[in-house]
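Thanks for coming, everyone. Please take a moment with the sequence and the structure on the screen, and then I'll walk you through a few places.

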Amino acid sequence: DRAFSHLKKALKINPNSPTTLHIAALFYESIGLQDRAQTFVLRTIELNPLFIYGLNHCGWHSLAVGNFDQATTYFKKALTLQPELVPSLNGYAFTLLMKNKIQAAQEILDRARPLLGKVTFHFNEFQALVHAYRKEKEAALKESKSALVYAALGEYDNALTLLEQIPNTAP
């Protein structure tokens with residue numbers, strides 16, 4: 001409630017700030033209101049078509065709803081503006097994987113690898129998926145032992161075992 005109250009105040013003070021609108025999008029996304037979040041993030045790039053975080057966010061949203069061509073467009077535009085934006089590199093690589101362009105995805109991940117800091121979870125997951133799609137089981141599991149990777153390797157029992165360990169916190 002407190003966060004929402006502060007967000008409402010910020011939006012009232014400056015309803016046309018791409019940064020504030022992006023934060024609103026992240027807030028609504030965090031509480032499961034994807035459509036509401038997308039309204040805010042689309043407004044960010046309407047106000048500032050060069051707002052890379054808005055472009056990146058639109059790319060991830062497009063990816064989440066299965067619109068891979070639109071995701072590609074957003075990620076490419078963000079990468080044109082900032083070629084070393086790791087979240088866009090990861091998203092673009094994942095989009096290429098979904099389009100079964102495995103070698104192209106690997107090339108994008110190769111661009112991202114030297115840019116990584118200490119937080120590599122998404123990168124490792126995407127690298128593992130490239131290995132899994134290439135049927136390189138040992139290399140895939142070295143990068144990540146997630147349910148998604150096990151499923152990509154066709155090891156559905158292992159994937160389900162991992163998923164069953166997640167507590168059900170849904171309302």
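Let's start with helix α5, residues 68-81. How far apart should its ends be? There are 14 residues, and at 1.5 Å a residue they should span 20 Å. The end C-alpha atoms are 20 Å apart, so the two values agree. Keep in mind that this is a predicted model.

Which residues of α5 are buried? They are Ala 71, Thr 72, Tyr 74, Phe 75, Ala 78 and Leu 79. And what covers them? The cover includes α3 (34-47), α4 (52-64), α6 (86-98) and α7.

Now to α7, which runs over residues 102-112 and holds Gln 106. Is Gln 106 buried or exposed? Its relative accessibility is 8%, so Gln 106 counts as buried. The cut-off for buried is under 20%. The side chain of Gln 106 makes a polar contact with the side chain of Asp 110, at 2.8 Å. Setting aside neighbours within four places in sequence, Gln 106 also touches Gln 127, Val 130 and Arg 134.

Next, salt bridges. How many are there in the whole structure? The search finds 3. Let's take them in turn.

One joins the side chains of Arg 43 and Glu 46, at 2.6 Å from N to O. Both residues sit in helix α3. They are 3 residues apart, about one turn of the helix. Glu 46 has 57% relative accessibility, so it counts as exposed. Arg 43, at 28%, counts as partly exposed.

Another pairs the side chains of Asp 69 and Lys 99, at 3.0 Å from N to O. Asp 69 lies in helix α5 and Lys 99 in the loop between α6 and α7, so this pair ties together parts 30 residues apart in sequence. This brings us back to α5, the helix we began with. Asp 69 counts as exposed because its relative accessibility is 53%. Lys 99 is at 27%, so it counts as partly exposed.

That leaves Lys 137 and Glu 155, whose closest N and O atoms are 2.7 Å apart in a salt bridge. Where do they lie? Lys 137 is in helix α9 (residues 137-143). Glu 155 is in the loop between α10 (147-152) and α11 (156-164). The two are 18 residues apart, and the pair links distant parts of the chain. Lys 137 has 42% relative accessibility, so it counts as partly exposed.

That's my tour. Over to you for discussion.

How values were computed:
Residues numbered from 1 in each chain as written. Predicted model: local features only at pLDDT ≥ 70, side-chain atom pairs only at ≥ 80, totals over all residues. Heavy atoms only, no water. Helix = DSSP H or I, 4+ residues; strand = E, 2+ residues; numbered from the N terminus. Buried < 20%, exposed > 50% of the residue type's maximum accessible area, 1.4 Å probe, protein only. Polar contact = N/O pair within 3.5 Å; in protein donor to acceptor, adjacent residues only side chain to side chain. Contact = heavy atoms within 4.5 Å. Expected span 1.5 Å × (residues − 1). Salt bridge = Lys/Arg side-chain N within 4 Å of Asp/Glu carboxyl O.
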